[in-house]
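Here's a quick tour of one protein chain, from overall layout down to single residues. Have the structure open as you read.

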Amino acid sequence: MQKDIQFKEISIKVIRKDIKNSHLSVYPPNGRVILVTPKKTRHEVARAYAVSKIKWIRTQQAKFKGQVREYPRKFINRESHQLWGCYYLMKVNYKNEKPSVTLSNKYIILTVRPGFGLIKRAKVIHDWHKTLLNSFIPTLIKRWEKKLNVKVSNYSLQKMKTKWGSCNKASGRIRFNTELVKKPKDLVEYIVVHEMIHLIESKHNDRFIKILDKHYPFWRDARSELNKLPLAAEIFKKN
Ligand SMILES: [Zn+2]
């Protein structure tokens, strides 16, 4: 009989095989632990081996958790923030002047009035994100309108929980997730192209894939990179 191992909060599935050495693995996305061990190894020995690796298991599991869930930001000094695929440290200045955000090679410098709480600080950053996207996305739309021979009637930006973008084929409107500002620009372009192809084909069917393959042959890499980076969202959800 195959007995699994439980050590505190960690469950380890044990698989017996015709092998020489035990092998322990932690799998994404939930950090599931599997121990493959030789058939003749006694359960106590397998357990002792797994328990000796608990620290490593916890580290691996923490890594996966960090990948799928982003901790809520507080917009305070020395907090790490992403922009266009790079990491910056936040620097907050409290000054009696119009709130602003500037970028140096290492810092995102947020200037707010004394007494600005978390929600107000977050809003200043969110507005800044919108400004940045608004200075980037229209160029992409123009370029791809020509290539795809489509017309975007209007686009909007908003925080979205599960998608990077969405498209209404009938009205020609496209919505983009403001979180895109954290991703490398080529991945933002992939989302723009993806949503614009929905103006031709609303479903993720063969026709859609064919158009995507033709115009953006590296879309599979782009998609897996977007899903791997923090704040992963299922971008192939049905609209
Ligand atoms: Zn889609």
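This is a predicted model: local features need pLDDT of at least 70, side-chain atom pairs count only at pLDDT 80 or more; totals for chains, interfaces and linings use all residues.

Residues are numbered from 1 along each chain as its sequence is written.

**Overall layout**

The protein chain has seven helices and 11 strands; these are DSSP runs numbered from the N terminus, with helices being H or I of at least four residues and strands E of at least two. Its radius of gyration is 24 Å, well over the 18 Å that the globule rule gives for 239 residues, so the chain is more spread out than a compact globule. (That radius is taken over C-alpha atoms, and the rule is 2.2 Å times the number of residues to the power 0.38.) Along the principal axes, the C-alpha atoms fill a box of roughly 65 × 55 × 25 Å.

An automatic or database domain assignment supplies the bounds in this table.

| Domain | Residues |
|---|---|
| domain 1 | residues 5-68 |
| domain 2 | residues 80-128 |
| domain 3 | residues 136-228 |

The C-alpha centres of domain 1 and domain 2 lie 42 Å apart.

**The cores**

Buried residues make up 18% of the 239 in the chain. Buried means 20 or more other C-beta atoms within 10 Å of a residue's own, with C-beta atoms placed from the backbone. A nonpolar core is a set of buried Ala, Val, Leu, Ile, Met, Phe, Trp, Tyr and Cys residues joined through C-beta atoms within 7 Å.

The largest such core has 22 residues, and Phe176, Leu180 and Met196 are among those with the most contacts inside it. Elements giving two or more residues to this core include α4 (137-148), β11 (173-177) and α5 (185-197). The largest share, eight residues, comes from α5. A second, separate core of seven residues includes Val26, Val33, Ala46 and Ala50.

**Helix α5**

In α5, 10 of the 13 residues are buried, so the helix is largely enclosed by the rest of the structure. Tyr190, His194 and Glu195 are among the buried ones.

**A hairpin**

Strands β5 (residues 80-83) and β6 (residues 86-94) run antiparallel, joined by four bridges; pairing takes at least two DSSP bridges. Serine 80 stands opposite leucine 89 in β6. Two residues separate the strands of this hairpin, and tryptophan 84 in the turn has a positive phi of about 45 degrees.

Methods:
A residue is buried if 20 or more other C-beta atoms lie within 10 Å of its own, exposed if 12 or fewer, and partly exposed in between; C-beta atoms are placed from the backbone.
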